Amino acid sequence: MNVYHPKVTAGLWLAIILAIAALGSQLLTKDWLETGFLALLPASEQQPEIAKAIQQHNELLNRKVIWLTGAANSKTAIAKARQLKQQLEKSRLFSSILLELPQQKMAKQYQQLFPYRYQLLDAQTKRTLASHPKDLLTQNLETLYSPMGQIMAADLEHDPLLLFSRYFNAQNPIKLAVEQGVVVLRDTNKFWALLLTDLEDSHLQLDKLETLLTLVDMANTQVQETGGELMVTGMPLFTARGSDSAKQEISTVGVGSSVGIIILLLLTFRSLRPLLLSSLAIASGLFAALVVSVVVFGKIHIITLVFGASLIGVADDYAIHFVCDSFGAKNWKPREGLRYIFPGLLIGLLTNLLSYVGLVFSPFPGLQEVALFSAIGLLVAWLTVVLLFPLLLTGFKPDHKPVILKVANYWQQHWPIWLLKNRRWLIPLLVIFIVGGLWQLSPRDDVRLLQSAPSDLMKTADKIKQLLPMSQENQFFLVSGRDLNDWHQNEQRLLEQLKLLTQQHKLTLYQGLSDYWPDQRSQQMNYQLLDKTLYQSGLLKRYMTELGFSNTAINSELKQFADAKTKSIALPDWLATADETKQHLWLGCDPNRCLSMVSLTGITGLSALSSLQNLQGVAWVDQVEQLSSLFARYRVKVSTLLTGAYLLVFVGFGLRFGWRNALAIISIPIIATLVSLAMMGWFNQLFSLFNLFALLLVLGIGIDDAVFFFMADNSGKSAAANDENKRASISLAVTLSALTTLLAFGLLAVSPTEIVHAFGFTVAAGIFTALVCSPLVGHRDKQHDNRHL
Amino acid sequence: MPTFLKALLLFVLSLDQGYADEVLAKITARLVKTPLAEGRFQQEKRLKILRKPLISTGTFTYHQSKGVIWKTLTPMPSLLLVNEAHLVTGQGEQAVPPAFGNVFKALLGGELNRLTESFDITGKEQKSSWQLQLTPKDELLKKVISTILLTGDTELRQLELQEVNGNLTRIGFTQITHPDHLSSEQQSDFERLSP
């Protein structure tokens, strides 16, 4: 203990922090934050091709913003959309702004694909040809004779069978009304002009998101001023509003809790030092945790950051116990104080570290990260308290008796007596409360609870979905095959099933490339199908003759068909003509396999769709469901680990202090945890993975509380009077640590975001219970000198 | 019968409101205005590529709020149903022509003058009949349609659409009546339009 000189230890601390800072200055300049949920899956379950598909899918969704300008007639709606377009162009936020349909591009696509019209048959035409080829001719006549068939009739000269018109139309399965080249949607009494935009990049930077929100507000005012209406939707908007409200929430709760903690600590110590010191301890812990985690894992997940940071909150305890000890002795000196509370601090740290051990061995990367992050954070915060505080607390000796100390002392003396006196009815009541609450507790792992989208945004999104049934769902299929041929077959089999599902109204729409681009073999088969059914059979000749084509025209058509026999279009060439949405469906080929996505719209029968993953080469990707089930698995895992942590801590205490004492100490966090769980049950709170992290925090702080009360009682030969002094300062520390924790985390319970609220609620219930029960540990009933629980 | 006239124009055109015109107003005044009209049609399409015209005949029903039933009987039976929101043919649901809903509203008012927004109109009104010649204003439409000729008396009797590429469509209307209510068959056809 002689080397334990404050200046030496402070130097040691500085060396550690400087080393970490040096490491951090190199590492943290890189991209170190992971946000994709797949990274949370056990390594054995991570499928890179699914990750890639999800990324591609999300990238597209994360950029799209849909704008609809509404007015009483279509002309005004379009005029407003044109105005809006100019405004959006000025903002420079978007890489593409689409109002008028790109007619030139469509004309070009038409020209590029037209030569392959005998090879590129749409699915419906193929079916008709295969079953009743004559129906195709009948349908053509219907079209030609109908009063609507002007445009089709114009194609007749080059394409007497209207094959290509069919193929071209089938590429755009949603029939939208177009006016002045603009898509116009119709509501019961309104017309909406459609404007599609893509943000410049899918990595949504916060400042850009804010610019987007301002832009939406401005556009809204402008359109409304001129008597119109504006509806905007898109992922970026949800993200923007989400981060906006989260920021606001955190800053409101943050400011509230900071002010509360500052006032509390100032009133208690009449000095800023304790506050600054405990902040320093936690900040050092967080920083070290971040750096070390990045060193070990390369990147850390945002979930790790959030929960790890919360768990480091336990470190607040160490600082407060240290400074509160100054009230426990007359001529308090930091070094002596430390000597006295050191065993308690050490046990507190070891218990917490122990409770994270289990997490390290779980197969889930997220939990390993949380464990390491919290362990390092706690260790460094603890080292800050032990190594640096003796120096920085030199001369710190409050000579006042704060009211809270008196209250805490009075309370710790009389409260346990009252509890013990009434235990006959308190214990049954507690048991009933806990059992009844646990009975009602049921887990909810739905990931959608994580994000609480503003209801006005949801309403607009729903309305737009109704008007414009083309927005893709989160779910999609991934289709693979050994080669192009194999892939094509697999996707076609899936699309056939999807076709059935649309007929059963379980799905509005699907898009798969193989419906638009037949592979080489299918292209040949299409040609042969036409040849057999219409050309060889003489049906075409008869059809053309009856319609009134000249012989020259008929012969020219026959020659064109014969010349096209060996034509075929390769996938890359076809993709080059396709629009962006279709291009995104293709994920490419490597030597072993080819991969594509099938996107879905308007899902109503989720289970029917997901059961299609049994088809060969088909994988069902449901990010929401997968994430929810991931959370459920994490929850189960953490529950087991939490139980394991309790056992481990119990055994450790049992070996050190005897089984009876161990039981007394550990009963505090156990009761706190049970009461917290029961409260969730009674108040029908969200119970998921996130509450369990809150319970880990409850374990850490509950153990600390109990251990310090226990240690005060067993501090050796010190006189009983001194003991009481110590108990008073410890009860102050326990009260202060409980109050600061309640302010820091319990306040989160007021959050309207369900998941944040749940976390805060759990912490609040647990910490409060631990605070209420901990004075029972080591309490002496003066008359009998018996120790009770 | 101004309402049906407009419903028909929708098949090929895009229209919007404009200002009143004297001839139009007079013609409008002569037309029989009821919520329901039905009759027979003969349609003749002359396509340059074909050596003979495509001639079809059948019946039509116009209902002010429900839409139009266009029933072709010869040379091959087929059915086309259309209202402001849906267009159904033998091959399923199709895209509704531009501005249909808007015009549909205009139909209820029965104002021919709404045509002036999209067309330059010249017309002559005679004792027993009238004639209107429409030329599109819209650049896009100009590329497809050169003129539309409407002839009528108290009803619209003929529509002639001349396309830029030389194709011509002529539709004649006969036996036009204005019953009080729809037949049950017409009822059920309209039901298919509003699922």
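## Pocket, helix packing and local geometry

H17(A) gives the most to the lining of the second largest pocket, with 7 residues. The model is predicted: local features need pLDDT of at least 70, side-chain atom pairs count only at pLDDT 80 or more, and totals for chains, interfaces and linings use all residues. Residues are numbered from 1 along each chain as its sequence is written, chains are lettered from A and ligands numbered from 1 in written order, and side-chain values use heavy atoms, without hydrogens and water.

**Second largest pocket**

- The space in this pocket is about 760 Å³. The lining has 24 residues, and those closest to the centre are A:Leu419, A:Leu430, A:Ile671, A:Cys773 and A:Leu776.
- A pocket here is an open set of points on a 1 Å grid over the protein atoms alone, where a 1.4 Å probe fits, with protein on both sides within 12 Å along at least five of seven lines; lining residues have an atom within 4 Å of a point. Points are joined across faces, edges and corners, and the volume is the space filled by probe spheres set on them.
- In chain A, helices H16 (403-421), H17 (423-440), H28 (659-682) and H31 (754-773) each supply at least two lining residues. Helices (H or I, at least four residues) and strands (E, at least two) are DSSP runs, numbered from the N terminus.
- By class, the lining has 20 nonpolar, 3 polar and 1 charged residues. Ala, Val, Leu, Ile, Met, Phe, Trp, Tyr, Cys and Pro count as nonpolar, Asp, Glu, Lys and Arg as charged, and the others, Gly among them, as polar.

**Aromatic pair**

- The count over all chains is 29 aromatic pairs. Rings of Phe, Tyr and Trp (its six-membered ring) pair if their centres lie within 6.5 Å; planes under 30 degrees apart count as stacked, over 60 as edge-to-face and the rest as tilted.
- A:Phe164 and A:Tyr167 have ring centres 5.8 Å apart and planes at 35°, so the pair is tilted. Both lie in helix H8 (residues 163-170) of chain A, 3 residues apart, about one turn of the helix.

**Backbone**

- A cis peptide bond, with omega about 0°, joins B:Thr74 and B:Pro75. B:Pro75 is in the loop between strands E3 (67-74) and E4 (78-82) of chain B.
- A:Arg92, a residue other than glycine, has a positive phi near 60°.
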